[in-house]
Amino acid sequence: MILLSLNNIKKTYGEKVIFNDLSLGIDDTEKIGMIGINGTGKSSLLKIMAGLETPDGGEVITSNELVIEYLPQNPEFDEESTVIEQVFKGNSSFMMVLRDYEKAMAQLEKEPEDEGLQLKLLKLSEKMDAEGAWQLESEAKAVLTKLGIQNFNQKVSELSGGQRKKIALAGALIRPCNLLILDEPTNHLDNDTIDYLEELLKNKRCGVVMVTHDRYFLERITNRIVELDQGKLYKYEGNYEAYLEQKAERESIEERMREKNFSLYKKELEWMRKGVEARRTKQKARKERFYDLEGSLEGNYKQNLEMSLGTSRLGKKIISLENISKRFGNQQVIHDFTYTVVRDDRIGIIGNNGMGKSTLLNLITERVLPDSGKIEIGETVKIGYYTQENKEMDTKLRVIDYIKERGEYVKTADGSLISASKMLERFLFPPILQYTPIEKLSGGERRRLYLLGVLMEDINVLFLDEPTNDLDIHTLQILEEYIDDFNGPVIAISHDRYFLDRVAEKIFAYEGDGNIVYIPGNYSDYKERQLQQEAIKEEIKKVKPVTSKKSSASTTKLKFTYKEKLEYEKIDEVIETLEKEIQQIEEEMSMNASHYGRLQELMNEKQAKEEKLMYQMERWEYLNELAERIAKES
């Protein structure tokens, strides 16, 4: 079923045309990955799909059944709401009853003897039954728990930026919709969370449109890729690997056509240059064709990010870390770590958010000091440090002036010189954009400019802190090629599995309590090692089962929660009702065997009822087992 159609869409900002005559249809079975260079309008296109922005031309046609859930790059939050209230935001009766129920539950935990609250909760439980909301509430808490959010009643104002991102993501994933729109959903998430999100989206029964730079994510989830390039939308069937193959074929055809047009252009140019007398007799239509051909060649600029810069001399002694430790308050982020950096090191640093990965790079660059241990830096070492923030970037400066501060010219690996302006062109900043103030650039364009600024400095050691968060895929590909040719060590903190597999030859894994484990190989090698260790642990358990003695401190009596008690009392009745409803649907199906339209509706109804019945049977099994355990303890 087609959920949404964009027909001949146009969008401009000031005098700049972002895209024009753009069309796309989205159905409820597609999982679409949208890619393109930063600044091409990907986020704007998502906002038009979500109904948050209006196109300057064309039309957006939506199905009457369309229900959209949209996750922006920077979600807005109600600071005074709780985690669960933020997840259940929305004005539908479904969401309102969930919010009211969770609020009443929180109040009853504080005042368990309040009969008024008990009565209110009972009525809300009946509404939850009527709306079929129990399963969604259970799913929401399961998703939050998987994302590392345990306190559902904590105020949003008390949460870190990473926790807020997870709450916004959880809300988008569990709120009912048939079209899910996600703008950079993996940004600032750790690898375990990305793995979990990947599994959820693969199994989600709805249309999905997402902008992401995570190439493994695109490879494993999408069945269609669309690329926004110079105002045009190119469409490719299949996942990321299929996109690469189809794009290479398209560009090969375009290159042959361009060569053919260029050859024709040279002939026509010779004809146009004939003398004044010949000019009087020239055909008007032929002259117009010449100007059209000239315009097509000018507009057919192939965007490349090719670059191989020279590096300054690097001595034998580079960086030595000896028994380094660092603590912030009660958190030990690095404990007794020793390592000597060598010239050809390609190190990837991984670990969950908040573990202190950036601290290691900040210690080496003397932004923070170690509590103990010794750090030695070689005299010839010149570190280029790409941080998570655009540090020291004066947004009032023009693009060209920002780069010229680092040098009017830069030396390449072969010894030749490139001007700051030409360097910017290689980094996809055409002349017209070079005189734009930085404050008018998109977030992704600023990050690309900041990266160029770091790489243009006279460096021989490169540190990268989450380079994949805001850079587009094309920029990342060129960065990876630059790292291949860089004549010095590279240390990168990243959650991008593809990037780590592509560039890393060693992994530093943060495993908690300040312990950093060194593993040779790339990210996939690290994951393989983890799986092997887990398999060994499972084998040990089978050989020698571990028996646990009941802790003397564990004296809490097992009991039903208020919600579970109500559910346990009514679940037999709920199951019986569902079984009767399924039986009635089956009888109606046999009566409508020749009416395909009605039969299809009944089959869908039956499937939905059977899913509910399966869920209730699982709950029945859990609640009855819990009841038996409670009975044994009493």
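Helices (H or I, at least four residues) and strands (E, at least two) are DSSP runs, numbered from the N terminus. The structure described here is a predicted model, in which local features need pLDDT of at least 70 and side-chain atom pairs count only at pLDDT 80 or more, whereas totals for chains, interfaces and linings use all residues. Residues are numbered from 1 along each chain as its sequence is written, and side-chain values use heavy atoms, with hydrogens and water left out.

The secondary structure of the protein amounts to 21 helices and 20 strands. Of its 634 residues, 45% are buried, where buried denotes under 20% relative accessible area, exposed over 50%, and partly exposed in between (1.4 Å probe, protein chains only). The accessible surface comes to about 34,000 Å², and carbon and sulfur atoms account for 48% of this surface; accessible areas come from the Shrake-Rupley method with a 1.4 Å probe, and for residues only the protein chains shown count as cover. Among contacts (heavy atoms within 4.5 Å) between residues at least 6 apart in sequence, 69% join residues at least 24 apart.

An open sheet of 3 strands has the order E2-E1-E4, with antiparallel pairing; two strands pair if DSSP finds at least two bridges between them. Strand E2 (16-27) and strand E4 (57-62) are the edge strands, each pairing on one side only. Neighbouring strands of this sheet are turned against each other by 10° on average, direction ignored. Strands E1 and E2 run antiparallel and are joined by 8 bridges, and Tyr-13 has Lys-16 in E2 as its bridge partner. These two strands, E1 and E2, form a hairpin with 2 residues between them, and Gly-14 in the turn has a positive phi of about 65°. On the pairing with E4, strand E1 (residues 2-13) contributes to 5 bridges in the antiparallel sense. Ser-5 stands opposite Ile-61 in E4, and Lys-10 stands opposite Gly-57 in E4.

Helix H1 (residues 42-49) lies across E1, E2 and E4 and runs at about 130° to E1. Axes are lines fitted to C-alpha atoms, for helices over the stretch in contact, and angles run from 0 to 180 degrees between N-to-C directions. Helix H1 is mostly covered, with 6 of its 8 residues buried. The buried residues of H1 are Lys-42, Ser-44, Leu-45, Leu-46, Ile-48 and Met-49. Just after H1, Gly-51 takes a positive phi of about 80°.

A helix pair was also examined. The axes of helix H5 (residues 134-146) and helix H6 (residues 161-174) come within 10 Å and cross at roughly 145°. The crossing of H5 and H6 is right-handed; a crossing is left-handed if the near helix is turned anticlockwise from the far one by less than a right angle, and right-handed if clockwise. Leu-136, Glu-139, Ala-140, Val-143 and Leu-144 of H5 make the contact with Ile-167, Ala-170 and Ile-174 of H6. The residues of this contact divide into 7 nonpolar, no polar and 1 charged, where Ala, Val, Leu, Ile, Met, Phe, Trp, Tyr, Cys and Pro count as nonpolar, Asp, Glu, Lys and Arg as charged, and the others, Gly among them, as polar.

Helix H6 also holds Lys-166, which counts as buried at 13% relative accessibility. With neighbours within four places in sequence left aside, Lys-166 is in contact with Leu-147, Leu-189, Asp-190 and Thr-193. Another buried charged residue is Glu-480, located in helix H17 (residues 473-485). The relative accessible area of Glu-480 is 2%. Beyond its neighbours within four places in sequence, Glu-480 is in contact with Arg-215, Tyr-498, Phe-499, Arg-502 and Val-503.

Most residues other than glycine have a negative phi. Glu-366, although a residue other than glycine, has a positive phi near 65°. This residue, Glu-366, is found in the loop between helix H12 (357-364) and strand E13 (372-377), and counts as exposed at 63% relative accessibility. Glu-466, likewise not a glycine, has a positive phi of about 55°. The place of Glu-466 is in the loop between strand E17 (461-465) and H17, where Glu-466 is buried, with a relative accessible area of 8%.
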